[in-house]
Amino acid sequence: MVKRILAIVAIFIFTSIAWAILGGTIFSRTYSLNKSLEGKVASNWGTSHTQSPPSAFTETVTPKIVEETVDGKKVTKTVEERTVNNLKLESSRIAVDLKLEHRQKGLLWYSTYKVKFAGSYLFKNSTDINLVSFSFYFPTSQAIYDDLLFTVNGEAVEISNQQNSISATSAIAPGETAK
């Protein structure tokens with residue numbers, strides 16, 4: 001009887017050690033690959049998002065006469081000097097709807113999400129120029145942006161799309177606001 005109990009205890013101890021080794025190996029392999037898996041998760045489902053407000057600015061171009069010495073001779077050239085006047089953001093109203101979706105990569109689960117974002121920003125043209133440019137930077141360039149609508153004072157404007165931002169230009173009288 002004692003031999004059977006010792007055999008059962010020995011089997012229990014060796015089985016416990018084997019499970020501990022197997023669990024430790026899986027744990028070690030899983031978490032040692034976390035950094036490389038995070039990159040794959042980012043390429044499949046996007047990276048962290050940080051949204052900054054849009055910017056608005058006016059630009060003036062003034063001709064400037066510049067004198068240079070080329071091959072011992074004085075040469076005068078007219079160069080365009082650009083001055084950018086950033087407009088102050090007066091107010092903003094933001095609405096965000098997050099939908100959490102867990103995704104599995106390997107043995108790890110990652111928190112991914114879908115975002116519905118709506119933002120209304122108010123700028124005042126404090127310059128004497130009536131052509132205002134707007135730029136809106138995306139949170140990340142590795143994401144898909146569906147149903148994007150960019151309006152100025154309720155009217156759709158023609159946008160220029162870059163890799164990580166969009167920009168538009170609209171006529172806003174000096175002293176007037178643009179939403």
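**Close-up 1. Strands β1 and β2 pair in the antiparallel sense.** This view comes from a predicted model. Strand β1 covers residues 55–70, and strand β2 covers residues 73–87. The pairing runs over 15 bridges.

**Close-up 2. Three strands make an open sheet.** The strand order is β3-β4-β10. The pairing is antiparallel. β3 (89–105) and β10 (177–178) are the edge strands, and each pairs on one side only. Strand β4 spans residues 108–124. β3 and β4 pair over 16 bridges, in the antiparallel sense. Within this part of the model, K99 stands opposite K114 in β4.

**Close-up 3. F117, F136 and F138 form one aromatic cluster.** A search of the whole structure finds three aromatic pairs. One of them joins F117 and F136. This pair is tilted, with 6.4 Å centre to centre and 35° between the planes. F117 lies in strand β4 and F136 in strand β5 (residues 131–137), so the pair ties together parts that are 19 residues apart in sequence. F117 is partly exposed, with a relative accessible area of 34%. F136 is buried, at 11%. F136 also forms an aromatic pair with F138. That pair is edge-to-face: 6.3 Å centre to centre, 80° between the planes. Both F136 and F138 are buried.

**Close-up 4. The largest nonpolar core has 15 residues.** F134, F150 and V152 have the most contacts inside this core. β4, β5 and β9 (165–171) each supply at least two of the core's residues. The largest share, three residues, comes from β5. What does F150 touch, not counting residues up to four places away in sequence? The list holds F134, F136, E155, A156, V157, I159, I166 and A168.

**Close-up 5. T127 is found in the loop between β4 and β5.** Is T127 buried or exposed? T127 counts as buried because its relative accessibility is 16%, and buried means under 20%. The side chains of T127 and N125 are joined by a polar contact of 2.6 Å. A polar atom of the T127 side chain also lies 3.4 Å from the backbone nitrogen of I129. Leaving out residues up to four places away in sequence, T127 touches T58, N85, L87, P174 and G175.

**Close-up 6. N130 lies in the loop between β4 and β5.** N130 is partly exposed, with a relative accessible area of 46%. How far apart in space are N130 and E176, C-alpha to C-alpha? The distance is 9.3 Å, while the two are 46 residues apart in sequence. N130 is in contact with N125, S170, A171, I172, A173 and P174, leaving aside its neighbours within four places in sequence.

Methods: Residues numbered from 1 in each chain as written. Predicted model: local features only at pLDDT ≥ 70, side-chain atom pairs only at ≥ 80, totals over all residues. Heavy atoms only, no water. Pairing = 2+ DSSP bridges. Helix = DSSP H or I, 4+ residues; strand = E, 2+ residues; numbered from the N terminus. Phe/Tyr/Trp six-rings, centres within 6.5 Å; stacked < 30°, edge-to-face > 60°. Buried < 20%, exposed > 50% of the residue type's maximum accessible area, 1.4 Å probe, protein only. Core = buried A, V, L, I, M, F, W, Y, C linked by side-chain atoms within 4.5 Å. Contact = heavy atoms within 4.5 Å. Polar contact = N/O pair within 3.5 Å; in protein donor to acceptor, adjacent residues only side chain to side chain.
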